[in-house]
Amino acid sequence: MSRMDASVLTISRIGPFRSSATTFGVLVGSGFRRYSTYRQATIAGSFTNIVFGFLRCYVLLALAEGVAGQRPGGYDPAQLATYVWVGQGLLAVIGIWGWNELSERIRSGDIAADLLRPVSPVTSYLAADLGRASHAMLTRFGPPLVAGALFFPLHLPSRWQTVPLFLLSVILAVVICFGCRYVVNATAYWLQDARGPITLWTLGSGVLGGLYFPLRLLPDWFTVALWLGTPLPSLLQAPLDVIAERDGPLLQAGLVVVQAYWAVLVLALAAFVQRRAERKLVVQGG
Amino acid sequence: MGELRAYRALFGAQARSVLMYRTSFLVELLGNMGATVFDVLTVLVLFRAAPQVGGFTLAEAVLTVGLSSAGFALADMLVGNVDRLKVYVRAGTLDAVLVRPLPALPQLLLMDLPLRKALRVVFGFVVLGGALAINDIDWTPARIALVAVTPLAAAAFFGSIFVISATMAFWWVDSGEIGAAFTYGGRDFTSYPITVYGPWFRGLFAYTLGFAFVAYQPALALLGRTDPLGLPALAGYLSPLVALPAVIIAAGVWRTGIRHYRSTGS
């Protein structure tokens, strides 16, 4: 603990790139440690993910029974089961729901302390979020996957590139989700209270992200428009389609490219919104 | 009389505080309705993809989801916010509630009554109305009574589940999302004909916990269909008889929990 703090204090003595990389790494580590203290909540959350996994998996498998050829949306039953269970594992990793830390700090005026720090808030919150996500990947990703594998036949990846592509896709999804949540929270700079935008975000990201049902069940033109016009399918649908090998190798990689495009765009938007906000910000309260 | 005024004051304070930020409140109101809209849309999307799912058609499924969401939305608005209990226990706010000379549960519910969920209830009943219109129902006095009672019994049942899950916080503050598996999980479970689930999972949720009688069995009784899972037609009329013990158990668990509660002392 004290050794880590010391490395922050000495950053000015090493090169500028190394110093910012060190700072970023320390922030990631602190995000990780913060979440590792909530052990019981981790168990409770996994239990709930598993129950919802059963609900969704049974419904989609019953749907496959009812469709001629048993391939609704182009997924066979094993791919559907993989879609559901990997999705339940990824929910906490991507972290769609329940982040209002930034908007609360803006509302209370605590954001002033963040602005005094030498690291931009977008960077420091991104680092903390990557720490949170890596903790979730180690603790929350496995249990639903194990439960799913015990009770349902899952689709195992058949291509060598699927697993590395999936990991890349997950990292990009975490970054995109963070950027979106940052922008949504940052509306509090203008509205004071971001509960409304957060509600809309929770709503849109769940259903249009592919959590409620695979978006491939919707008409093709609509799915493509969603994919290219909004970052939402890049949150869950993309990594899940990659791991379920829903498409050929080319399109599989293409999904990750689309994600990369959204990651850059959303982060740039977050940085832009933050700069605009700083120009007009009047810190609340005394 | 004085009690009533006290409750009104609690509710008034809550209403004023949410109306402070009007835009946010309006967006929340619409957003919350949107959540139920999407839940129903999900069922539509799935049933549109296949002629039948679990042996039921789209129109029949809409009836199940209509009964379930009308009941759930009602319970969620009136009682759902009790799941904030764990926050109150952790922060010690519950002490303030307990020292007042009023029962704790109604106070908690009124302090936090989520007005933003009002449109949800309206939408739930609209879906139910639509479902009754598109299905060819042979109306008898018994079925009319059934339509009137089922959403209320469903609301009482879901409300009990909300209270029981929230009460866990008295023993386990970090119970986190476990309650959601049974409250929101119960809503999702009852949104589909229960024939879609695997046998042991169905046995647990539908018959052991009683969720079968919330929407699925009443829907069968309204449609005049025999249960492919073998329960007699009478089962459709049992929802009040299942809700009643649920309410009694919830009240008992709540009382035990309140007695067990030791303040954090801070």
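Biologist: How many residues of chain A are in contact with chain B, and how many of chain B with chain A?

Modeller: This is a predicted model. In it, 31 residues of chain A are in contact with 34 residues of chain B.

Biologist: Which elements of chain A give two or more residues to that side?

Modeller: Those are helix H3 (39–66) and helix H11 (195–208) of chain A.

Biologist: And which gives the most?

Modeller: H3(A) does, with 15 residues on the side of chain A that touches chain B.

Biologist: How does that side divide into nonpolar, polar and charged?

Modeller: On the chain A side there are 22 nonpolar residues, seven polar and two charged.

Biologist: OK, switching to helix packing. At what angle do H9 and H13 of chain A cross?

Modeller: Roughly 175°. Helix H9 covers residues 162–186 and helix H13 covers residues 237–244, and their axes come within 9 Å.

Biologist: What does that make them, roughly parallel or roughly antiparallel?

Modeller: Roughly antiparallel, because the crossing angle is over the 145 degrees used as the cut-off.

Biologist: Which residues make the contact?

Modeller: From H9(A) you have A:Thr162, A:Leu165, A:Phe166, A:Ser169, A:Val170 and A:Ala173. H13(A) brings A:Ala238, A:Pro239, A:Val242 and A:Ile243. By type, that contact has eight nonpolar residues, two polar and no charged.

Biologist: New topic: A:Ala188. Where is it found?

Modeller: A:Ala188 is in helix H10 of chain A, which covers residues 188–191.

Biologist: Why does A:Ala188 count as buried?

Modeller: A:Ala188 has 23 C-beta neighbours inside 10 Å, and 20 or more is enough to call a residue buried.

Biologist: What is A:Ala188 in contact with, leaving aside neighbours within four places in sequence?

Modeller: A:Ser103, A:Ile106, A:Arg107, A:Asp193 and A:Ala194. As for A:Val273, that residue is 85 residues apart from A:Ala188 along the chain, and their C-alpha atoms are separated by 11 Å.

Biologist: Last one, H4 of chain A. How many residues does it have, and how far does it reach?

Modeller: Helix H4 (residues 77–94) has 18 residues and reaches 25 Å from its first C-alpha to its last, close to the 26 Å expected.

Biologist: Where does H4(A) bend?

Modeller: At A:Gln88, by about 30°.

Note on methods:
Residues numbered from 1 in each chain as written. Chains lettered and ligands numbered in written order. Predicted model: local features only at pLDDT ≥ 70, side-chain atom pairs only at ≥ 80, totals over all residues. Axes fitted to C-alpha atoms, helices over the stretch in contact; angles between N-to-C directions. Helix = DSSP H or I, 4+ residues; strand = E, 2+ residues; numbered from the N terminus. Parallel < 35°, antiparallel > 145°, perpendicular 65-115°, else oblique. Contact = placed C-beta atoms within 7 Å. Nonpolar A, V, L, I, M, F, W, Y, C, P; charged D, E, K, R; others polar. Buried ≥ 20, exposed ≤ 12 C-beta atoms within 10 Å, placed from the backbone. Expected span 1.5 Å × (residues − 1). Bend = angle between axes of the 7 residues up to and from the residue.
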